[in-house]
Amino acid sequence: SNRPLIAPSLLSADFARLASEVERVGDDADWLHVDVMDNHFVPNLTMGPPIVKAIADVSRVPLDCHLMIEDPKRWALGYAELGAYNVSFHAEACDDPVGLARDLRAAGTKAGLAIDRDTPIEPYLGMLGEFDTVLIMTIKAGFGGQAFIPELLDKVRLLRNARDSGHVELRIEVDGGIAVDTIAAAAEAGADAFVAGTAVYGADDPAEAIRRLRALAEA
Ligand code: DX5
Ligand code: ZN
């Protein structure tokens with residue numbers, strides 16, 4: 001199985017010091033997770049293409065963009081163009097996920113499907129070959145610092161079975177409440193990419209926090 005990847009979420013960083021916050025996770029992060037929120041898909045607003053481009057320009061690790069926005073078909077390719085490694089859009093906001101995934105791949109980026117708390121995974125299990133990542137929210141999307149919902153790992157288990165039995169190459173990513181006390185359960189359910197905001201940027205030593213999370217995911 002895949003080596004676990006840790007993706008610190010900048011949502012919990014100090015937005016007044018983005019360059020040094022990117023630097024603080026340095027080479028220890030596998031991906032840098034960037035949460036784009038538009039105040040419509042979720043009741044919170046973060047950043048858009050100009051700021052994400054500035055982050056891409058200073059990050060030494062690939063950017064994992066998580067678009068919590070309406071109408072991703074209109075905006076997602078812009079993130080591919082500014083250099084994002086992976087662009088995840090929400091299934092709930094897109095009536096043609098396969099079409100958008102193909103457009104993202106044609107633009108040279110990885111395509112990700114994000115599944116919010118109340119959305120079942122079953123309707124998407126037949127299209128896994130179109131995606132490079134599937135992000136299972138383990139909270140309701142919108143804010144950092146929420147409590148992990150263990151029941152949502154059932155979706156990770158279904159996805160893991162479908163992926164492995166279909167021989168699809170795909171990262172199973174979890175996002176929300178991932179910390180030292182929850183990451184092992186997520187890994188055991190089948191996740192192999194882990195977003196962590198509070199658990200990394202809330203730590204005194206974010207690089208050390210990443211190493212600790214990775215060790216727990218590997219165990
Ligand atoms: C929230 C975002 C998450 C957020 C996770 O909707 O998608 O990436 O940063 O934060 P924690 O790890 O604190 O739950
Ligand atoms: Zn996220």
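This briefing covers helices, a helix pair and some single residues of the structure above.

The structure is a predicted model: local features need pLDDT of at least 70, side-chain atom pairs count only at pLDDT 80 or more, and totals for chains, interfaces and linings use all residues. Residues are numbered from 1 along each chain as its sequence is written, while chains are lettered from A and ligands numbered from 1 in the order in which they are written. Helices (H or I, at least four residues) and strands (E, at least two) are DSSP runs, numbered from the N terminus.

**Terms used below**

- A residue is buried if 20 or more other C-beta atoms lie within 10 Å of its own, exposed if 12 or fewer, and partly exposed in between; the C-beta atoms are placed from the backbone.
- Two residues are in contact if their C-beta atoms, placed from the backbone, lie within 7 Å.

**Helix α5**

- Helix α5 spans residues 153–165 and has 13 residues.
- From first C-alpha to last, α5 reaches 18 Å, close to the 18 Å expected at 1.5 Å a residue. The expected span is 1.5 Å times one less than the number of residues.
- Which residues of α5 are buried? They are Leu153, Lys155, Val156, Leu159 and Arg163.
- Seen down the axis of α5, these buried residues fall within an arc of 140°, so they line one face of the helix. The arc is that of the directions from the helix axis to the C-beta atoms.
- An α-helix has 3.6 residues a turn, so residues three or four places apart point the same way.
- Asn161 and Ser165 are exposed on the other side of α5.
- The cover over the buried residues of α5 includes β5 (110–115), β6 (133–137), β7 (171–175) and α6 (183–189).
- Just after α5, His167 takes a positive phi of about 55°.

**Arg163, a residue of α5**

- Arg163 sits in helix α5.
- Why does Arg163 count as buried? Because 21 other C-beta atoms lie within 10 Å.
- Not counting residues up to four places away in sequence, Arg163 touches Leu128, Val168, Leu170 and Ile172.
- Arg163 and Pro72 are 91 residues apart along the chain, and their C-alpha atoms are separated by 25 Å.

**Helices α3 and α4**

- Two packed helices are described by the angle between their axes and the distance between the axes.
- Helix α3 (residues 72–81) packs with helix α4 (residues 97–106) at an angle of about 20°, and their axes are 10 Å apart. Axes are lines fitted to C-alpha atoms, for helices over the stretch in contact, and angles run from 0 to 180 degrees between N-to-C directions.
- That makes α3 roughly parallel to α4. Angles under 35 degrees count as roughly parallel, over 145 as roughly antiparallel, 65 to 115 as roughly perpendicular and the rest as oblique.
- Pro72, Lys73, Ala76, Leu77 and Ala80 of α3 make the contact with Leu100, Asp103 and Leu104 of α4.

**Helix α2**

- Val52, Ile55 and Ala56 are buried in α2.
- Down the axis of α2, its buried residues fall within an arc of 100°, so they line one face of the helix.
- Pro50 and Asp57 are exposed, on the face of α2 turned away from its buried side.
- The buried residues of α2 pack against α1 (18–25), β2, β3 and α3.

**Helix α8**

- Helix α8 runs over residues 206–218 and has 13 residues.
- Its buried residues are Pro206, Ala209, Ile210, Leu213 and Ala217.
- Down the axis of α8, the buried residues fall within an arc of 100°, so they line one face of the helix.
- Glu208, Ala215 and Glu218 are exposed, on the face of α8 turned away from its buried side.
- What covers the buried residues of α8 includes β1, α1, α6, β8 (193–196) and α7 (198–201).

**Residues in loops**

- Asn39 lies in the loop between β2 (32–37) and α2 (49–58). Its phi is positive, about 70°, although Asn39 is not a glycine.
- Is Asn39 buried or exposed? Asn39 counts as exposed, with 12 C-beta neighbours inside 10 Å.
- Asp71 is in the loop between β3 (63–68) and α3. Asp71 has a positive phi of about 55° although it is not a glycine.
- Asp71 is partly exposed, with 14 other C-beta atoms within 10 Å.
- Ser9 is in the loop between β1 (5–8) and α1. Ser9 is buried, with 23 other C-beta atoms within 10 Å.
- Leaving aside neighbours within four places in sequence, Ser9 is in contact with His33, Asp35, Gly144, Val195, Ala196 and Gly197.
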